[in-house]
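Hi,

Here is the structure I promised to pass on. Have a look at it first, and then read my notes below.

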Amino acid sequence: MSTKDTHIPEWLTVPFAGITPAPSQEKGQDLFPTGNWRSIRPVYRDKLPPCNNACGTNEKIQGYLDLVKRGKYLDAYALIKEDMPFPSVTGRVCYHPCEQACNRGKYDEAISIRAVERFLGDLGQALTNDVVKPGKPNGKKVAVVGSGPAGHSAAYQLARLGYKVTILEKSPKAGGLNRGGIPDWVLPQNILDREIERLEQLGVEIKTGVEVGKDVSWDDLKKNYDACVLAVGLIEPNSVKAEGEDKKGVHYGLPFLRDIGMGTSKVKLGARVAVIGGGNTAIDCAREALRQGAAEVTMITVEGNKNEMPASPEDLHDMLEEGVELMHGRAVTAVLGNGKVEALQLHKARFQGAINASPITVDREAPSERFAADNVIIAIGQRASLNWLPAEFKNERGTIKMDKFGRLGDTNFFAAGDIAQVGSGQPLMVVNAVGDGKRVAFNLDKVMRGEKLQPRTIPVDVIFDLNRMNMTYFPHFPRVQQEMLPTKTRTKTQDEVIQAFTEEQAVEEANRCFSCGTCNACDNCYLVCPEPCIARPERSNGMYKILVDYCKGCRVCIEECPTGCLEGVPELDFDTGVVRMDTAFAISPGLHGRQAQELKNLGDRPAKNI
Amino acid sequence: MSYTELTVWTRGIIMDKEGRDIVNSISASARIEGKYAQAMENYVDNPDRTNCPTRKYCRVSDNVLENELTYENEHPNIVVLVEGTMVKGWDYMRGMPPGGTLVINTHYTPDYMIRFVPGAERLAQLVCVDAAKIADHKWLYYRLGELGLDRLSTEGAAERNKSIAPDIAAPLIAAVVKTTGIVKMKTIEPMIANKHAFEVALNELHIMPLNPVAV
């Protein structure tokens, strides 16, 4: 057969090798029946899964789900522990931004990542010795102020790096917001105690009852330690600025929960309780009020309806199930009563601009409403309390002035957690504080080693588009639901409401993971290659190798890769795509970067299973 | 006693004949000089697939070839890349003993290309020659009709010109022979069809001396 007299379409007029499509592609057999082969070559290029990207501390979620799938629970636990010091805590309390980002949510239902994390966290709690070991001591001393999520995370990472860490905690018990801001029926105290014990096993010293500004001064910190992480959190509750707010029976959200958590609460609630605020703390307060003996709990919010409330939809659902009433579009203008709360004066109100981020307009002209209540719990956020901080490090918003690495000027002081994140647009939640603590610990380590702090420049390819994966490989499958205590009885006790996954449930749920953009050792490429050009020493993530000198570029492996991890890079030019075969892998650090490292050393050492 | 292995990497169909011309002409010249020589293609490659990497082998020895039934060159002393982008593709340097030679058809200089070469410490010299330009290799860009004959999986059966090295093979042969002395210039020169390109290439080689091995 000759191409003489063949009509040559315009897109083929320059017969330069590489521009004509492969036979498996559209129009690939129009001009040349055997088509143009090997204009691309396949490479394994791991993308960042959206869950990993959305997680405040960038847990390698795909990595541990994959290990759970294979029954390697201990490896999975060790993998979580790289980024997260207390998976048993976040497995209970996290508002799981990962599940909101999960690609499976666009397909059927998101993976229940938090429940699997809790399963692994509980497994870690049951171990006699933790898998994490302290780093080789480097002789440097670091003080961490505050033992909440950010302080705990920073202390944990610093101990792993070999620092001698001392935590200074104001309260009689360590745990910060984890203890004081989260009720027992979400996070039992013994779970947190065990995690703090683990932290002490790493050599971290925790001094409770030490308040910076009172027991320890700024200069003491400067003199006695090589560096310091300020993870003091936001501890002063915001006021509603209503008349009579100082009456007996008015409580503030976080101190209310904190006193119960610390066991120092003397609060006796009446039958009718009003909770002011529409966030997650307000929800916890309302549910706690039921458990403290209140008969009727009403939540009063400025938001116009429940969808606008800045709260986790699941918690909101559970709260309504427990019988808490909602009252929207109102603000408290006065607390009425004779020395003690008897009622609230409410006015219609709305946010001036964006919901939850702008001042409130209260319509004082309209007739007021009277709302009878025995107690009021005000939970409308917290602010910083930084009287001890030198003025040069305070900013106009009343928080700490620092650079984008969390460093205060050119000192060895760093700030982490809510105190650093408030006002940044970042939602204030445990996992974000943990992530901030981790990053600050690494930045501090760099400063101590005299390295330059630089923003991360590696481009990260997050795989959001389901079309980049081969969805034909994934059947629809419903999410495994966590069991819950019955609504009627759970408000009478402090027992955990949400129940843990069994092993079978955890494996079943982990099996639903798409493994977006990363190799999960499905063996598909190995099986479909017609040559065969794909080799592997064993069936293991990232251990597949393409014999590129035999590959003829048919693209079958790329088309058939379920996770979108394989892609084609231009073969016949120097300007685009990959340069050298062995540099094609490491685009993101973490699990996938490590896979790339292992691939590079494939010949030198025995393959590992991660 | 000298024994030399030459491996030519080329691309299926579009440059398959060029690779074959190199190994055939060099082994034929070696035999004329009274040496033992053989040339063959790698049968597991895909020469009938456009652009696929394919290998051509040649062995030249003063003695009888003991490994003449071994199919692949395990320790090539000389590697030729007939198409420049192959340099970044895979480990074509594997098995090369120290003191090897790498010849690349490219318009880039050796300074630029060395960064892509895996295991460049084994090289005694890196040679770049812009063979496509020297051989006035126009068909690559616009002579589609004639190229078409060569792009229909004919594996050379319908080639327009049956002479040896009418095109880019000529400058590449010049580069190999001049830099390694595997055969004598005067034995190979009469075989080459494109004598002009062969002679021009002798003066237009970009040679980068690297790590010579003491004999």
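Is A150(A) buried or exposed, going by its C-beta neighbours inside 10 Å? Before the answer, some ground rules. This is a predicted model, in which local features need pLDDT of at least 70 and side-chain atom pairs count only at pLDDT 80 or more, while totals for chains, interfaces and linings use all residues. Residues are numbered from 1 along each chain as its sequence is written, and chains are lettered from A and ligands numbered from 1 in the order in which they are written.

Now the answer: A150(A) counts as buried, because it has 35 C-beta neighbours inside 10 Å. (A residue is buried if 20 or more other C-beta atoms lie within 10 Å of its own, exposed if 12 or fewer, and partly exposed in between; the C-beta atoms are placed from the backbone.) You will find A150(A) in helix α7 (residues 149-160) of chain A. (Helices, H or I with at least four residues, and strands, E with at least two, are DSSP runs numbered from the N terminus.) Setting aside neighbours within four places in sequence, A150(A) is in contact with A231(A), A416(A), G417(A), A433(A), V434(A), D436(A) and G437(A). (Two residues are in contact if their C-beta atoms, placed from the backbone, lie within 7 Å.) By contrast, 31 Å separates the C-alpha atoms of A150(A) and L320(A), which are 170 residues apart along the chain.

The model scores ipTM 0.81 and pTM 0.81. Chain A averages a pLDDT of 83, and 86% of its residues score at least 70. Over residues 11-19 of chain A, pLDDT stays under 50, and the model has 19 contacts for them beyond four places in sequence. Over residues 576-610 of chain A the pLDDT is also below 50, with 57 contacts beyond near neighbours in sequence.

For chain B the average pLDDT is 84, and 86% of the residues score at least 70. Where pLDDT is low, the predicted coordinates should not be read in detail.

Chain A overall

Chain A has 20 helices and 20 strands. Of its 610 residues, 46% count as buried. Among contacts in chain A between residues at least 6 apart in sequence, 71% join residues at least 24 apart.

Strands

An open sheet of 5 strands in chain A has the order β4-β3-β2-β5-β17, with parallel pairing. (Two strands pair if DSSP finds at least two bridges between them.) At the edges are β4 (205-208) and β17 (413-415) of chain A, each pairing on one side only. Within chain A, 5 bridges join strand β2 (residues 141-145) to strand β3 (residues 164-169), and the two run parallel. K141(A) stands opposite K164(A) in β3(A).

Elsewhere, strand β8 (residues 272-276) of chain A is largely enclosed by the rest of the structure, because 4 of its 5 residues are buried. It is joined by 5 bridges to strand β9 (residues 296-300) of chain A, and they run parallel. The bridge partner of I276(A) in β9(A) is I300(A).

Cores

Which residues touch the most other members of the largest nonpolar core? They are V142(A), V229(A) and L230(A), in a core of 88 residues. (A nonpolar core is a set of buried Ala, Val, Leu, Ile, Met, Phe, Trp, Tyr and Cys residues joined through C-beta atoms within 7 Å.) Helix α15 (residues 430-448) of chain A gives the largest share of this core, 7 residues. Leaving aside neighbours within four places in sequence, the contacts of L230(A) are V145(A), I400(A), F413(A), F414(A), A415(A) and I419(A).

Helices

In helix α11 (residues 253-262) of chain A, the buried residues are G253(A), L254(A), F256(A), L257(A), R258(A) and G261(A). After α11(A) comes G263(A), whose phi is positive, near 80°.

Best wishes

Conventions
pLDDT = per-residue confidence, 0-100.
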